[in-house]
Amino acid sequence: MSLDLRVDRSSPVPLYFQLSQQLEAAIEQGSLTPGSLLGNEIELAARLGLSRPTVRQAIQSLVDKGLLVRRRGVGTQVVHSQVKRPLELSSLYDDLEAAGQRPATKVLVNTVVPASAGVAAALGVAEGGDVHRIERLRLAHGEPMAYLINHLPPGLLDLDTGQLEATGLYRLMRSAGITLHSARQSIGARGATAAEAERLGEAEGAPLLTMQRTTFDDTGRAVEFGDHTYRPSRYSFEFQLLVRP
């Protein structure tokens, strides 16, 4: 690791926090790429004139954020920067690609089911009528990022499992000639269930970000209802707020 790291001992900002901020910035800016190894804690402490506990605290703060991971026999390794998703009508697959995160998908369920009351209301179909249900685990750099449940009206497009694992759902829709126009979306948070914790590599009860979205095409038809959960250590939503004149 050849980074220009400096600490200001006259600053009221704790030394460990100064170091962690510089390392986090290097990860976000791509100076430290996924898979990069940090130097030995002892060497890094000697180089900066810091105590080993100070360096360890800085590194641990980034481990807690999910930016670094300690691997036995390997050392401390950069995982990846957090994906910051703008609140616009885009897919997680596209956002991950744009962030250089190498997305991958595991399709867990791809079937037709009776529409529940909530799904029927979102899609504008009869309760109990057929809808297509897909459940996917979205990964980046081999780590789970989100668990995605989507329902679509029957006959909308061919949902081939191989294609769903190769690309994003919105790309498949666009390829089928569907023009995505708008969406109604809500964001929240809750604790992970046992099943979600196992899928996402979190502890049961760990906080998860949630998003529900109903997407409409250019004719006003509901074409997709998504119910998604995200790991907050790997993912965040970004808002741009404007002041009304």
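Good morning. I begin with S20, which is buried because its relative accessible area is 3%, where buried means under 20%, exposed over 50% and partly exposed in between, with a 1.4 Å probe on protein chains only. The model before you is predicted: local features need pLDDT of at least 70, side-chain atom pairs count only at pLDDT 80 or more, and totals for chains, interfaces and linings use all residues. Residues are numbered from 1 along each chain as its sequence is written, and side-chain values use heavy atoms, with hydrogens and water left out.

Where does S20 lie? Its place is in helix 1. If neighbours within four places in sequence are set aside, S20 is in contact (heavy atoms within 4.5 Å) with A58, S61 and L62.

Let me now turn to the chain as a whole. It contains eight helices and 10 strands, which are DSSP runs numbered from the N terminus: helices are H or I with at least four residues, strands E with at least two. Of its 245 residues, 45% count as buried. Among contacts between residues at least 6 apart in sequence, 59% join residues at least 24 apart.

Next, the nonpolar cores. Such a core is a set of buried Ala, Val, Leu, Ile, Met, Phe, Trp, Tyr and Cys residues joined through side-chain atoms within 4.5 Å. The largest one has 20 residues, and the members with the most contacts inside it are L5, L19, L23, L32, V55 and L68. Which elements give two or more residues to this core? They are helix 1 (15-29), helix 2 (41-48) and helix 3 (52-64). As for L68, its contacts, leaving aside neighbours within four places in sequence, are I27, L38, I59, L62, V63, T76, Q77, V78 and V79. Another core, of 14 residues, lies apart from the largest one, and I134, L159, I178 and L180 are among its members.

I come to the strands, where pairing requires at least two DSSP bridges between two strands. Strand 1 (residues 68-71) and strand 2 (residues 75-78) run antiparallel and are joined by four bridges. V69 has Q77 in strand 2 as its bridge partner. The hairpin of these two strands has three residues between them, and there G73 takes a positive phi near 80°.

Elsewhere, six strands form an open sheet in the order 4-5-6-9-8-7, with antiparallel pairing. Why is one side of strand 4 and of strand 7 left without a neighbour in the sheet? Strand 4 (103-114) and strand 7 (180-191) stand at the edges, and each has a single partner strand, so one side of each has no neighbour there. Strand 4 pairs with strand 5 (residues 130-140) in the antiparallel sense over 11 bridges. In this pairing, A104 stands opposite L139 in strand 5.

Is H132 buried or exposed? It is buried, because its relative accessible area is 18%. Not counting residues up to four places away in sequence, H132 touches N110, T111, V112, N150, H151, L152 and L159. Finally, H132 and E224 are 92 residues apart along the chain, while their C-alpha atoms are separated by 9.6 Å. Thank you for your attention.
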